[in-house]
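Visitor: Hi! Could you walk me through a few side chains in this one?
Guide: Happy to, let's open it up.

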Amino acid sequence: MDIEQALEFVRGHHRAILATMRSDGRPQLSPILAAVDDEGRILISTRETAVKARNLARDPRASLCVIGDGFFGEWIQADGTAEIVHLPEALDLLEDYYRRVSGEHSDWDDYRAAMRRERRVMVRLTITRAGPDVSG
């Protein structure tokens with residue numbers, strides 16, 4: 001599977017499991033919602049204090065397993081390198097992410113206040129490999 005095929009799958013399927021690396025080398029898994037920005041990076045919203053954010057700050061390698069709404073069926077794995085964008089720079093990205101996953105918010109001022117209160121950050125994952133290439 002090429003990277004553009006994987007990104008197209010993520011555009012239509014937002015539920016995923018993010019794998020980051022703990023300091024002892026074991027994986028840390030988190031259920032997340034994913035979107036794709038105009039530059040072809042996968043977007044993930046999280047809190048600055050979340051374990052996944054701390055893991056990615058230390059080791060930017062990440063893998064994502066994106067699944068369909070019915071769980072069984074089509075899925076993709078995407079591996080790549082993450083960067084974390086902090087507030088206040090992340091605020092426009094968080095709004096864009098919300099629109100891509102959920103559409104328009106009923107109260108953007110309330111949304112922005114919640115993002116600040118929760119100390120949200122935006123993770124941008126640049127994909128370097130995607131699959132599967134075979135099924136079986």
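Visitor: Is Trp 108 buried or exposed?
Guide: Trp 108 is buried, since its relative accessible area is 14% and the cut-off for buried is under 20%. Keep in mind that this is a predicted model.

Visitor: What sits over the ring of Trp 108?
Guide: That's the charged end of Arg 99, 4.3 Å from the ring centre.

Visitor: And which residues does Trp 108 join in a cluster through ring pairs?
Guide: Tyr 98 and Tyr 111. Trp 108 and Tyr 111 are both in helix α4, three residues apart, or about one turn of the helix.

Visitor: How are the rings of Tyr 98 and Tyr 111 arranged?
Guide: Edge-to-face, because their planes are at 65°, with the centres 5.1 Å apart. This pair links distant parts of the chain, as Tyr 98 belongs to helix α3 and Tyr 111 to helix α4.

Visitor: What about the rings of Trp 108 and Tyr 111?
Guide: That pair is edge-to-face too, because the planes are at 80°; the centres lie 5.2 Å apart.

Visitor: Switching to Glu 95: which side chain does it have a polar contact with?
Guide: Arg 112, at 2.5 Å. Glu 95 is in helix α3 and is buried, with a relative accessible area of 9%. Leaving out residues up to four places away in sequence, Glu 95 touches Trp 108, Tyr 111 and Arg 112.

Visitor: New topic: which residues of helix α2 are buried?
Guide: Lys 52, Ala 53, Asn 55 and Leu 56. They lie on the same side of α2, because they cover an arc of only 160° around the axis.

Visitor: What covers them?
Guide: Several strands do, among them β1, β2 and β6.

Conventions. Residues are numbered from 1 along each chain as its sequence is written. This is a predicted model: local features need pLDDT of at least 70, side-chain atom pairs count only at pLDDT 80 or more; totals for chains, interfaces and linings use all residues. Side-chain values use heavy atoms; hydrogens and water are left out. Helices (H or I, at least four residues) and strands (E, at least two) are DSSP runs, numbered from the N terminus. Buried means under 20% relative accessible area, exposed over 50%, partly exposed in between (1.4 Å probe, protein chains only). A polar contact is a pair of N or O atoms within 3.5 Å; within protein, one must be able to donate a hydrogen and the other to accept it, and residues adjacent in sequence count only if both atoms are side-chain atoms. Contact means heavy atoms within 4.5 Å. The arc is that of the directions from the helix axis to the C-beta atoms. Rings of Phe, Tyr and Trp (its six-membered ring) pair if their centres lie within 6.5 Å; planes under 30 degrees apart count as stacked, over 60 as edge-to-face and the rest as tilted. A charge sits over a ring if NZ of Lys or CZ of Arg is within 6 Å of the ring centre and within 35 degrees of the ring normal.
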